[in-house]
Amino acid sequence: MELKLTNPIVFFDLETTGINIAKDKIVEISVLKVMPNGKEEQKPIRVNPEMHIPEQASAIHGIYDDDVKDCPTFKEIAKDLARYIEGCDLGGYNSNRFDIPLLAEEFLRVDVDFDMRKRKFVDVQTIFHKMEQRTLSAAYRFYCNKNLEDAHTAAADTTATYEVLKAQLDRYNDTLENDIAFLSKFSTQNNTADFAGFIIYNEEGVEVFNFGKNKGVPVVKVLKEQPGYFAWMLNGEFPLYTKKILTEIRLRTAGLVK
């Protein structure tokens with residue numbers, strides 16, 4: 001089954017220096033752009049993270065310092081990348097919890113304010129886990145009857161992710177709708193405000209903290225009753241995007257942002 005698209009969708013996968021969204025960097029990004037007419041474009045981009053790639057990370061994706069020392073930095077590719085994915089919805093495997101938050105973080109680090117909230121996100125892993133509870137390699141074998149060669153290389157993973165989603169639409173045609181808005185909603189586990197999940201929306205649509213002593217408490221209430229909490233988060237090791245959302249809430253409640 002082919003995807004029914006209103007907007008182009010970009011499936012992407014990141015290989016990184018680690019899994020800390022606030023600190024780690026991208027070393028490779030592969031994007032597979034699928035147009036509403038079915039045309040596909042794929043491009044892998046190696047990135048110099050301007051930091052040492054830990055050996056444990058290299059052991060997974062096979063990318064070492066020497067492999068990227070002459071590659072462009074994220075700052076050098078950020079504007080072109082933002083233009084390339086502008087107007088596109090985004091898809092990936094575990095992308096809502098990792099790839100999208102880290103990509104948003106990288107954009108903010110180089111002052112490219114790419115608004116992630118204007119697009120829909122389809123997380124193929126969430127669909128898979130809701131239906132079968134497996135890994136990407138198992139998903140590829142289960143849905144596509146193929147072995148995933150070169151797992152943990154960005155190009156192989158993005159292509160497999162795209163193929164798995166199409167196969168999921170065939171297999172679960174009585175449950176899944178071939179519609180990006182439906183798939184985005186279905187593959188969202190928490191209604192997060194900041195991608196990383198430190199701030200989420202409760203059932204009433206109110207932003208609440210999702211961690212620590214204030215878990216479940218409205219952000220506005222905490223900022224009002226615990227004025228030092230805002231400074232603590234801004235100075236702490238939280239993702240830049242989390243800090244951006246927190247600041248927007250603070251300014252909005254102060255009447256400075258509509």
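Visitor: What makes two strands count as paired?
Guide: Two strands pair if DSSP finds at least two bridges between them. Helices (H or I, at least four residues) and strands (E, at least two) are DSSP runs, numbered from the N terminus. This is a predicted model, where local features need pLDDT of at least 70, side-chain atom pairs count only at pLDDT 80 or more, and totals for chains, interfaces and linings use all residues. Residues are numbered from 1 along each chain as its sequence is written, and side-chain values use heavy atoms, leaving out hydrogens and water.

Visitor: In what order do the strands form the open sheet?
Guide: The order of the 5 strands is E3-E2-E1-E4-E5, with mixed pairing. Strands E3 (40-46) and E5 (121-123) are the edge strands, since each pairs on one side only.

Visitor: Why is H5 called oblique to H7?
Guide: The axes, lines fitted to C-alpha atoms over the stretch in contact, are compared by N-to-C direction on a scale from 0 to 180 degrees. The axes of H5 and H7 cross at roughly 45° and come within 10 Å. Under 35 degrees counts as roughly parallel, over 145 as roughly antiparallel, 65 to 115 as roughly perpendicular and the rest as oblique, so H5 is oblique to H7.

Visitor: Which residues of H5 and H7 meet?
Guide: Val124, Ile127 and Phe128 in H5 meet Thr161, Val164, Leu165 and Gln168 in H7, contact being heavy atoms within 4.5 Å.
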